[in-house]
Amino acid sequence: MIKVTGKKEDEHVVASDADLDAKLEVFHSVQRTCMELLKVIEQYQMRISLLSQEENELGRFLRSQGSQDKSRAGKIMQATGKALCFSSQQRLALRGPLGRLYQEVETFRYRAISDTWLTVNRMEQSRTEYRGALLWMKDVSQELDPDTHKQMEKFRKVQTQVRHTKTGFDKLKNDVCQKVDLLGASRCNLLSHVLTTYQTTLLHFWEKTSHTMAAIHESFKGCQTHEASALGVRAFRRNESQIYSYGCVYLLSWLSFCDTSKDLSAWFNLLADLDPLSNPDAIGRTDEEHELLNA
């Protein structure tokens with residue numbers, strides 16, 4: 001009734017449970033962050049797959065265009081395309097440890113968190129009964145007449161009820177505090193163990209791909225940037241719709257081979273002619289396809 005009516009409980013009774021309430025805050029934080037972690041892992045896995053797919057498509061595109069160009073710029077495109085295809089395959093290796101992490105966290109949530117949650121619910125019910133008994137004893141004591149035998153019997157009965165509910169509450173309170181401490185320690189051990197595999201896989205992925213990209217960079221040192229830039233502009237115009245479908249990554253890959261202090265005016269003039277409000281996925285499509293994309 002106190003909770004329903006919005007009245008404040010006895011501040012001394014509330015203060016006596018301060019350590020318990022602090023543990024409950026920790027428990028609810030563990031419960032909430034585990035759910036958020038599961039959602040993040042799902043999104044991360046999905047985006048890794050999409051990125052790998054786009055990276056592979058871009059690599060195939062560069063290899064295809066490079067095979068049609070017999071100049072040194074064509075070799076650059078082919079080498080870069082192979083590197084991107086390799087990177088896309090290596091990137092998928094991250095899904096393994098992420099899947100393991102998801103399973104471990106989900107099992108932790110279904111077992112450890114659920115078990116602690118049941119204990120918390122039992123404790124809250126016991127705490128309500130205990131505080132109710134305290135209020136009952138307070139009301140009886142205010143009306144108590146020591147000279148009345150019947151009232152004294154009623155008071156002793158209430159006292160017995162208070163002791164009984166307090167014993168049950170204290171036991172469950174101790175159980176909750178212990179389980180929350182164990183829950184936090186278990187989650188730390190779980191994450192430190194499973195994330196080690198993910199960290200190792202991620203480092204191997206970056207090591208392999210960085211070596212591949214570094215090798216390409218070294219092999220094409222001294223490439224004539226003016227020629228590469230001019231060929232890049234022609235390739236951009238020839239394959240405009242495909243390039244936009246890859247989010248202009250092809251454009252950026254070509255710019256990386258150009259000198260940043262010159263030869264970029266052609267790119268800027270080309271981009272200035274594009275409609276910034278148009279749907280890039282609709283370039284090169286029929287009117288009916290264009291309407292479907294806009295819809």
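Reader: Is E57 buried, exposed or partly exposed?
Author: This is a predicted model, where local features need pLDDT of at least 70, side-chain atom pairs count only at pLDDT 80 or more, and totals for chains, interfaces and linings use all residues. Residues are numbered from 1 along each chain as its sequence is written, and side-chain values use heavy atoms, leaving out hydrogens and water. Buried means under 20% relative accessible area, exposed over 50%, and partly exposed in between (1.4 Å probe, protein chains only). E57 has 28% relative accessibility, so E57 counts as partly exposed.

Reader: Which residue forms a salt bridge with E57?
Author: A salt bridge here is a side-chain nitrogen of Lys or Arg within 4 Å of a carboxyl oxygen of Asp or Glu. Helices are DSSP runs (H or I, at least four residues), numbered from the N terminus. With the closest N and O atoms 3.5 Å apart, the partner is R60.

Reader: How many residues apart are K179 and D115?
Author: Their side chains meet in a salt bridge, 2.9 Å from N to O. This pair links distant parts of the chain, K179 in helix α6 and D115 in helix α5 (residues 95-142), and the separation is 64 residues.

Reader: Is K171 buried or exposed?
Author: K171 pairs with D175 in a salt bridge at 3.3 Å, N to O. D175 counts as partly exposed because its relative accessibility is 22%. K171 has 55% relative accessibility, so K171 counts as exposed.

Terms used
Helices (H or I, at least four residues) and strands (E, at least two) are DSSP runs, numbered from the N terminus.
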